[in-house]
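Please read it alongside the sequence and the coordinates.

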Amino acid sequence: MKKINVKGCPKSLDSSHSSSSSTTTTEYDPYIESHGSPTWLPTTFNLTYELPQFAVYFQYCEDKQIDNTWIVKPINLTRSIDMSITNLLDMVIRLPESGSKIACKYVSNPVLLKIPEIEGNGVKFDVRYILLLRSIQPLKLYVHKIFWLRFASKPFSMEELDDYATHFTKMYYQANTHLKQIDGETFITMFNEQHGQQNEPWSIIEQRIFEMFREIFHCATIEETPLGIGSCLSSRALYAADLILEYNSNNNNIQPKLLEINFAPDCQRSCTYNPTFYNKTFNVLFRDVTDDKDILDISS
């Protein structure tokens, strides 16, 4: 699947995005701050070209006692295939031998959701939104407000990094595994009950997520093709954006972190939750009908 490259995007595109850009990561890292990385992008290295830089940064984190857990992903595979989570440098160095990989800083302090069926402090989850791109110049970007969620099936812990059911959320690809499904409205109620009073309600988090999407597509269109997305008046695009929420214990903020963006994703679950999904999508992309309450213009 085609991935949008957002590496190198400035930390803040303009003053209108200050609420998103002011959110700090879980641990202050002057190395990353000096490179101007946006707060929503986990520190990432392409191990094909940046293995020496990764090794230097890994040792820097060790010296500064910064969390040094990484998730290593293949460049172009899905469903958690060939992904590894590790805090060992020698393991990261060996993993690219099976194919091109990227190393992303693992979100080791995710926002968790307590589910009655699973004991413990809560499970890890990620959120998927559908994005509709109508044009590049000017940028016309829309988001389906109806999102869906994926949950791990074991309570979160950093003790066993090789436990798939603890660290990965794509349980529906595992045979004989219970798949926990919660609709968006129920999730928002649970989230606000568990996090809204001590931290921030979902309405604030949602706005931060939409600001992140806007910045991502600004980043992806700064450069001309092939470095960026090219403008074509007759083209339309549909993307799925996967994200996770990171909890910042220093200032009680919750920061969305981008996991990946996929072009032309499988939308079966979208149709399950919203039977008129493709009708609404077609109206936005090809008929310029944008008055649906479930679709929001986030272009500016």
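**Structural briefing**

Lysine 154 is partly exposed, with 38% relative accessible area; buried denotes under 20%, exposed over 50% and partly exposed the range in between, computed with a 1.4 Å probe on protein chains only. The model is a predicted one, in which local features need a pLDDT of at least 70 and side-chain atom pairs count only at pLDDT 80 or more, while totals for chains, interfaces and linings use all residues. Residues are numbered from 1 along each chain as its sequence is written, and side-chain values use heavy atoms, with hydrogens and water left out.

**Confidence and overall composition**

- The average pLDDT of the chain is 84, and 84% of the residues score at least 70; pLDDT is the predictor's confidence in each residue, on a scale from 0 to 100.
- Residues 1-8 have a pLDDT below 50, and this stretch makes 27 contacts in the model beyond near neighbours in sequence, a contact being heavy atoms within 4.5 Å.
- The pLDDT is also below 50 over residues 10-25, a stretch with 38 contacts beyond near neighbours in sequence.
- The chain holds nine helices and 10 strands; these are DSSP runs numbered from the N terminus, with helices (H or I) of at least four residues and strands (E) of at least two.
- Of the chain's 300 residues, 50% count as buried.
- Among contacts with a separation of 6 or more, 69% are made by residues 24 or more positions apart.

**Salt bridges**

- The whole structure contains 12 salt bridges, each defined as a side-chain nitrogen of Lys or Arg within 4 Å of a carboxyl oxygen of Asp or Glu.
- Aspartate 163 is buried, because its relative accessible area is 16%.
- Arginine 134 and aspartate 288 form a salt bridge through their side chains, at 3.7 Å from N to O. This pair links distant parts of the chain, 154 residues apart: arginine 134 belongs to strand E5 (residues 125-135), and aspartate 288 to the loop between helix H9 (277-286) and strand E10 (295-297).
- Arginine 134 is buried at 17% relative accessibility, whereas aspartate 288 is partly exposed at 43%.
- Another salt bridge joins lysine 140 and aspartate 297, whose closest N and O atoms are 3.1 Å apart. Here too distant parts of the chain are linked, with lysine 140 in strand E6 (residues 140-144) and aspartate 297 in strand E10, 157 residues apart.
- Lysine 140 is partly exposed at 27% relative accessibility, and aspartate 297 is partly exposed at 35%.
- A network of salt bridges links Asp126, Arg128, Arg150 and Asp242.

**Strands E8 and E9**

- Strand E8 (residues 237-247) runs antiparallel to E9, and nine bridges join them; strands are taken to pair if DSSP finds at least two bridges between them.
- Within this pairing, alanine 240 stands opposite asparagine 262 of E9.
- Strand E9 (residues 254-263) is largely enclosed by the rest of the structure, because eight of its 10 residues are buried.

**Phenylalanine 125 in strand E5**

- Phenylalanine 125 is a residue of strand E5 and is buried, with a relative accessible area of 1%.
- Apart from neighbours within four places in sequence, its contacts include Val111, Leu113, Leu149, Arg150, Phe187 and Ile244.
- Its C-alpha atom is 9.7 Å from that of phenylalanine 156, which is 31 residues away along the chain.

**Helix H3**

- Helix H3 (residues 51-64) has 14 residues and should span 20 Å at 1.5 Å a residue, which agrees with the 20 Å between its end C-alpha atoms; the expected span is 1.5 Å times one less than the number of residues.
- The buried residues of H3 include Phe54, Ala55, Tyr57, Phe58, Tyr60 and Cys61.
- Glutamine 65 follows H3 and has a positive phi, near 55 degrees.

**Cysteines**

- The structure has zero disulfides, a disulfide being a pair of cysteine sulfur atoms within 2.5 Å.
- The closest cysteine sulfur to that of cysteine 267 belongs to cysteine 271, and the distance of 6.5 Å is too far for a bond.
- Cysteine 267 is buried at 3% relative accessibility, whereas cysteine 232 is partly exposed at 39%.
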